[in-house]
Amino acid sequence: MEKEILRVENISKSFGGVKALENINLNIKEGEILCLVGENGSGKSTLIKIISGVYTADQGDIYINNHLYKKIKPIESIKQGIQVIYQDFSLFPNLSVAENLAINKQISSGKNIVNWKEFRQIAQRGLEDINVSLNLDAEVGSLSTADRQLIAISKAVMAEAKLIIMDEPTTALTQQEISSLFRIIFELKKQNISILFVSHKLNEITEIADRTIIFRNGRKVMDKNAKELSIESMEFHMTGRKLMSRNLQSSKDLSNVSPLLTVEKLTLGGKFNDISFDLKPGEVLGITGLLGSGRNELALSLYGVLPADSGSVRINCSDVNIRTIQEAKKLHIGYVPKDRIRDGIFLAQSIENNISANSIDRLINKFHLIDKQKKETLADKWINDFSIKTPSRKLAAFSLSGGNQQRVVLAKSLANEPILLILNSPTVGVDVGSKDEILNLIRDLANDGMGIILISDDIPEIIRTCDRIILMQNGKVKNIFLKEEINQEKLNNAMVGKY
Amino acid sequence: MFRKIYSANEFVTFIIILLISIFIGLINPAFFSIASIFDVLRSSIVYIILALGLLPVMIVGGIDISFVAIGALSAYSTHMLLINNGYEGGVFLYYIIACSIGIIASFLNSILTTKFNLNIFNVSLALYIMWFGFVRFFVGSKRSATFPEGASNFYSKFLLTVKDPFVGNSNLHISILFVVIIGLVLMLILRYTTFGRGIYAIGGDRDVALRTGFKVNRILTGSFIIMGGLAAFAGITHSFLIRLFDPTMFLGDELDVIAAVVLGGASINGGRGSVIGTFMGVIVIQLIHRSIILIGIPVTWQDFIVGFILIIFISIPYLKTIIKEKLVDKKVAHEETK
Amino acid sequence: MKKQNNVENGINDWNSIVNLIKNVIKTQTFLLLTALLILFLVFSIFEESFFTRRSITSMLFQLPEFGILSLAMMIPMMIGGDDLSIVSTANLSAILSGFFSVKVLPNILPEEYSIIYIGSIFLLSMIVGCITGLFNGILVGYIGANSILVTLSTLTFFTGISIGLTKGSVLIGLPESIGLIGSESILGIPISFLIFVVVSMVVFIILNHTPLGFKIRMMGTNQSASKFSGINNKKIIIKIFIISGILSSISGILIMSRTLSASYQYGASTYILLTILIGVLAGVVSGKGSVLNVFVSVLILQVISTGFHMMLVGIRGSSFFKDFIWGILLIVIFIINHYREKMKKLS
């Protein structure tokens, strides 16, 4: 009989009246790779925090190694062999690799004196156990994300983890690094260590998981062998509805229209090389590729954040040199950042202020003071046009859901009347309903004549919405797919290099 | 290995010391003498103790100015307490009582910072004013030069005496030994104890430190204890060396000490700093003061020069980053590119 | 439209009034005004000389100096920084314009032209404040250095210039006309207080009705989003410190006017703490700041200051006791704010 590492029964948790988890039952067997899938807000991270002791469930039981716990403290969870690898990897950037690896053991042993030779031995052994070699004296803050993740995994293994929980581990990795990671995960499986792998990248899940569990709105809706679930099936259960197959591409023939944006041999040392493409007004151009492809840097370059080293950019046939964000704004280029919370929205400010943020210099009266009327009208217009659900424009933005927040960020860019709009991963962290509406909005904007660049790693989304797709790899343009050539399989294959 | 030494902030500070020394020596060759070295060391002693006390708190990631007030409070109160009770013994009791007061006072810093999660600098600003007000109102505002019998010649207890052609006898007070011992002990603590590594860990990432299992509140309290205790120690040493107990001692000196610790390699954001670096940082500041006098700049313009140099020194690490960004690669600038 | 009956109308109106009152009470401004009232009453009851025309007028004469300094401190606080050099700037501008009024002006115009004297003093002073602000702004904005470190250093630097110029002594012998602002009143209200009110209104307009004020709030809320919204963070930082410098220099003039002298030492340790205390009391944090709250907080602190002074009169070293109380007060307010934030997060 296979041993169970973890079992939770009837776990429920609410936050101030909102049910985050409802009657969750699941288990993880020894040496099993379990994938936990779900949209944002489905309850995945809440469950993890309960298992690791950070939160306490309102009701339900937790069995770890067949011990019953109603409530568990983080230290206890760690002692029982549960290791969570967080997105910051729980590493100290100012300390060395050796120290980061050995520090947990030092703390748990309760020792007061530090023996540096022992630290190095422990560190060396830890790295060898997962077949990795790193410079023990390097400062962790100077290492790449992939290397830091390896250290985090090594730490977990050293702590005699029986269950390692990884939260979206492939977010910041290149294709090669993802392959390395998967190899290590299979190694761990051989050592009878269980892995709980949280992800939303459905194509990866089919590759690595033994079993897949799907959460939706705080409930478990699927628990099956990974092989038995297709990608469509997973999507259906995650979202609760069939994927909209309606095509959002333009039906217009744009071949005779003069281009809005022409990029020629654009180069930024170390990031992207020799990029050339054009964009017609009314067209939605998708740019995709894995991490390291340079797509993010290209977007930032067009917006003036990372000015290019060489090459030319023409807007409506005039040469431009975009070296600052202010210059980009003057040229009516808009940008919706990838990390909404960090770079896009002012959570503590009102919705009205958020929407006005890009346009404030225009919302003035003849005394050069802010024209309150103009500002309020602007905000109301966008709240209306985008159906932003809020009782008042004066409420703070943090009161909005992810989808509504994203609409506010979009409105902010649009309020400045851009002719070229660049969107970077605009539907991440957004509920399904809003995702659909946002993609529709993008198509509507294009139909009104705006040129749009959509950067995303969500293949279905790109295929649905874009008229053309540029695939970038290692800083270069690898393929340009036209409307007629686009389908999911081709794109997936091209991305992982099988062609 | 060699590369690590080159890039360390401590190395830069060391070079600065060499440069300034050569500069002074060129102007006044008498500088290259044992007497001068003793001179510099003497004026550094108290500052080094203060700076070493501040070091753990800065590594943890906070800026604090209350330590000077704690030093004044502890030293002056101890003196008043002993003198008014007819004490006639030696310095030992002074140190014991003062350090106890300093440590107890530091508990205010720790409680406010850990229990109420208040900002270290803000708390220190309030306590700075509070303690200086407290000591002058409740303990006394008069300076005192009366010393107990057993401690009256502490100031002249020298470790070394050297005959110098220019100034006659040049002396090195035994308190330099205190400095060396304190420095050594602190270095051992920072490098070889879990508590010490915890200080660096918290400075690196406080949340991760919590998750790893470090007893963050205890470590913070410990850092403040070191700060309070050493500030008191510095207060007593200072008062005995200048043979005067003044309740306003150290008032206004906090910036010099902070600058010294920063020059010695500590980062404003925490996570870095060393005992050796701090030693050197203090010496640099002292050399700057010295060279200003030697150049012949009138006393009234000294603050101007010191302020100016501080501005330059504080800008250096940031300038380094800016230059690195522009020349080497743009990787540093933007995390968006992930 | 469906007609509602009168009773329902009445209840709705009553409900909205109750809600309005509830919302007003929750505001910091209301709390502060209540505190002010209570303190005023308490001191008036316990100190007979408190609630007299003379004493109130004296308070109105004193508070503008640190009142304007509080406004100077407030603005950098709104982006999460500090300007600790405000007092040094105040003194430096006073000293420089003082020198000008003694050494240069008398050669150009006789003293009777007091308006021109006063005007040129103000102008020169504000130019100095502008330059010191620019200096701070470049260091913090373009070099990117921490504002506490920078302003601690520039504090020494500016004080150093002051000491150098005055050779450490107090600058006296200033033309009488300069003292007018600090000693005269219009309709019983001191001119300096009126200046404080006017300056407060100007700062209010800047912070609440201009694009600059808007950008300051946005930057204070989220620096990264502010950058991506096309706000030039570096320029805003420079403008913030320039305004702070100009405000400090105005305060310097007021000090000079009241004392008819200038010195590097005026207000050295006490004023800085006072302005930070006022900032915290008024609830000034990154992205949020109310001029009205700062104004009321200034009044509160003046009341406490005078009240204590009167109660402790005759006791030696009362200013030390006051320092002691200031320190404790600041800590108490920090703690109260801490619990208020906690309550807010839970709701």
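Predicted model: local features only at pLDDT ≥ 70, side-chain atom pairs only at ≥ 80, totals over all residues.

Me: Into which domains is chain A divided, and how far apart do their C-alpha centres lie?

Reply: Domain bounds come from an automatic or database domain assignment. Chain A is divided into domain 1, covering 4–239, and domain 2, covering 261–496, and the C-alpha centres of these two domains of chain A lie 33 Å apart.

Me: Into which domains is chain B divided, and how many residues of them are in contact?

Reply: Two residues are in contact if their C-beta atoms, placed from the backbone, lie within 7 Å. Chain B is divided into domain 1 (2–296) and domain 2 (302–338), with 27 Å between their centres, taken over C-alpha atoms. Across this boundary, 6 residues of domain 1 of chain B are in contact with 7 residues of domain 2 of chain B. On the domain 1 side, helix H11 (254–263) and H12 of chain B are the elements that give two or more residues, where helices (H or I, at least four residues) and strands (E, at least two) are DSSP runs, numbered from the N terminus. By class, that side has 5 nonpolar, 1 polar and no charged residues, given that Ala, Val, Leu, Ile, Met, Phe, Trp, Tyr, Cys and Pro count as nonpolar, Asp, Glu, Lys and Arg as charged, and the others, Gly among them, as polar.

Me: How many residues of chain B are in contact with chain C, and which helix gives the largest share of the chain B side?

Reply: Here 35 residues of chain B are in contact with 37 residues of chain C. Helix H6 (120–139) and helix H13 (302–327) of chain B each supply at least two residues of the chain B side, and H6(B) has the largest share, with 13 residues. The classes on this side of chain B are 26 nonpolar, 7 polar and 2 charged residues.

Me: How many residues of chain C are in contact with chain A?

Reply: In this case 16 residues of chain C are in contact with 20 residues of chain A. Helix H9 (211–221) and helix H10 (223–228) of chain C each supply at least two residues of the chain C side, to which H9(C) gives the most, with 5 residues. That side of chain C divides into 5 nonpolar, 9 polar and 2 charged residues.

Me: At what angle do helices H3 and H12 of chain B pack?

Reply: Two packed helices are described by the angle between their axes and the distance between the axes. Axes are lines fitted to C-alpha atoms, for helices over the stretch in contact, and angles run from 0 to 180 degrees between N-to-C directions. Helix H3 (residues 34–60) and helix H12 (residues 275–295) of chain B pack at an angle of about 135°, with their axes 9 Å apart. H3(B) and H12(B) are therefore oblique to each other, since angles under 35 degrees count as roughly parallel, over 145 as roughly antiparallel, 65 to 115 as roughly perpendicular and the rest as oblique. Their crossing is right-handed; a crossing is left-handed if the near helix is turned anticlockwise from the far one by less than a right angle, and right-handed if clockwise. The residues of this contact divide into 11 nonpolar, 5 polar and 1 charged.

Me: How do H3(B) and H11(B) pack?

Reply: H3(B) and H11(B) pack at an angle of about 65°, with their axes 9 Å apart, and are therefore roughly perpendicular to each other. H3(B) passes H11(B) in a right-handed crossing. Among the residues that make the contact are B:Tyr47 and B:Met58 of H3(B) and B:Asp256 and B:Val261 of H11(B).

Me: Is A:Asn131 buried or exposed, and what is its phi?

Reply: Most residues other than glycine have a negative phi, and most peptide bonds are trans. Phi of A:Asn131 is near 65°, a positive value in a residue other than glycine. A:Asn131 lies in the loop between helix H4 (116–129) and helix H5 (145–158) of chain A. With 11 other C-beta atoms within 10 Å, A:Asn131 is exposed; a residue is buried if 20 or more other C-beta atoms lie within 10 Å of its own, exposed if 12 or fewer, and partly exposed in between, with C-beta atoms placed from the backbone.

Conventions: Residues numbered from 1 in each chain as written. Chains lettered and ligands numbered in written order.
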